[in-house]
Amino acid sequence: MPYAFDPELVPYAELIPSVPLSEVIRRDGPPPDPGLLAEIERRLPAYTPRREVTVEDRRVPGGSPLETSGGPHGEAPRETPGGAAGGAAGGAAGGAAGGVPVRVFRPRAEGPLPAIVYLHGGGFVSGELDYFGVRCLRLADLVPAVVVAVDYRLAPEHPYPAALDDTYATLEWLAGAAGELGVDPDRIAAAGDSAGGNLATALALLTRDRGGPPLRFQFLDVPVTDDRLATPSMRAFTDTPMWNRPDAVLSWRYYLGGDGIAPPYAAPIRAADLSGLPPAFVAVCEFDPLRDEGIAYAQRLVQDGVPTELHLYPGAFHGAAIIADVALTRRMNADMIAALRRALHPRDD
């Protein structure tokens, strides 16, 4: 099906390989074409921070799980100065008894600083912290804020609620280590894209219900919110780049460990009551199967009294803001920075 993508995004859309999610989860599968990978890497946005940003890999303690699992304390931190870090522990191997691998981006700025718990996308089954490093570096530098990127466990090896357990454990650790990190515990936001957007708002629900560390804001970029797969955009977009209906069907099956009905902490739009959640910014793309469920979730937030800003970006496809550096995606990323600055540095406006 032809799509009216923003003209500057067309070369990116044509470059993205069509790889079924069933192949993505083959951890020992054949490597992708190195030439194609090199071309994709060449086109990925780069970012040079305006201020010094220290990047540090840690393994933080596990927390109170939704289901029984371990959670002893982790290992000592390893610090890498500058704007890059060594590879974090793999998401499928982290969490639970081994602690939760995180990457901390700490800008040189007067503190205490706000903090952002960042949850990467990847359909609950993939995603590496290195791939989202530019976004986290930009957030740390421009908001500015201490950014804690979570290398949560991945499905299908670790279905729901493993990723959410790791996310909540990270929030608890961050709030408890606020003094050490130079963080203001009253200014913590959750942010994420796609599956990470799901985990960000599920974290807001879970910490509200548990009376846990409060969140000041939630930034939900093209979030996954609904397991029913019944919206017009989900039915229509069967071959869009980066994400499509067949991917979504398998993603939910892997995340839930089968074909059952998702609980609200897995599919947040199923929550009976969204009141009391932190203010939200919801971003959706025109040619994304997740478009309509993102819009519907924003409407639910508004109806339940949550201050919510909704942006729909015409001509964009799923994940464009992360993989492309064109006028439209620069505006998308600027909107993200501005929303987080308003929420986390209100006295600067």
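Two residues are said to be in contact when their heavy atoms lie within 4.5 Å. In this predicted model, residues 24 or more positions apart account for 81% of those contacts in the protein chain that have a separation of 6 or more.

The chain's secondary structure consists of 12 helices and nine strands. Of its 349 residues, 54% are buried. The accessible surface amounts to about 13,900 Å², and carbon and sulfur atoms contribute 54% of that area.

One pair of helices makes a friendly place to look more closely. Two packed helices are described by the angle between their axes and the distance between the axes. For helix α4 (residues 133–142) and helix α12 (residues 327–344), the axes come within 10 Å and cross at roughly 45°. The two helices are therefore oblique to each other, and α4 passes α12 in a right-handed crossing.

The residues that meet at this crossing can be picked out on both sides. From α4 come Arg-135, Arg-138, Leu-139 and Leu-142, while α12 brings Asn-333, Met-336, Ile-337, Leu-340 and Arg-341. Sorted by class, this contact has five nonpolar, one polar and three charged residues. An α-helix has 3.6 residues a turn, so residues three or four places apart point the same way.

Finally, the surroundings of α4 deserve a look. Nine of its 10 residues are buried, so α4 is largely enclosed by the rest of the structure. Among the buried residues are Arg-135, Arg-138, Leu-139 and Leu-142, which also meet α12. Gly-133, Cys-136, Leu-137, Ala-140 and Asp-141 of α4 are buried as well.

Note on methods. Residues are numbered from 1 along each chain as its sequence is written. This is a predicted model: local features need pLDDT of at least 70, side-chain atom pairs count only at pLDDT 80 or more; totals for chains, interfaces and linings use all residues. Side-chain values use heavy atoms; hydrogens and water are left out. Helices (H or I, at least four residues) and strands (E, at least two) are DSSP runs, numbered from the N terminus. Buried means under 20% relative accessible area, exposed over 50%, partly exposed in between (1.4 Å probe, protein chains only). Accessible areas come from the Shrake-Rupley method with a 1.4 Å probe; for residues, only the protein chains shown count as cover. Axes are lines fitted to C-alpha atoms, for helices over the stretch in contact, and angles run from 0 to 180 degrees between N-to-C directions. Angles under 35 degrees count as roughly parallel, over 145 as roughly antiparallel, 65 to 115 as roughly perpendicular and the rest as oblique. A crossing is left-handed if the near helix is turned anticlockwise from the far one by less than a right angle, and right-handed if clockwise. Ala, Val, Leu, Ile, Met, Phe, Trp, Tyr, Cys and Pro count as nonpolar, Asp, Glu, Lys and Arg as charged, and the others, Gly among them, as polar.
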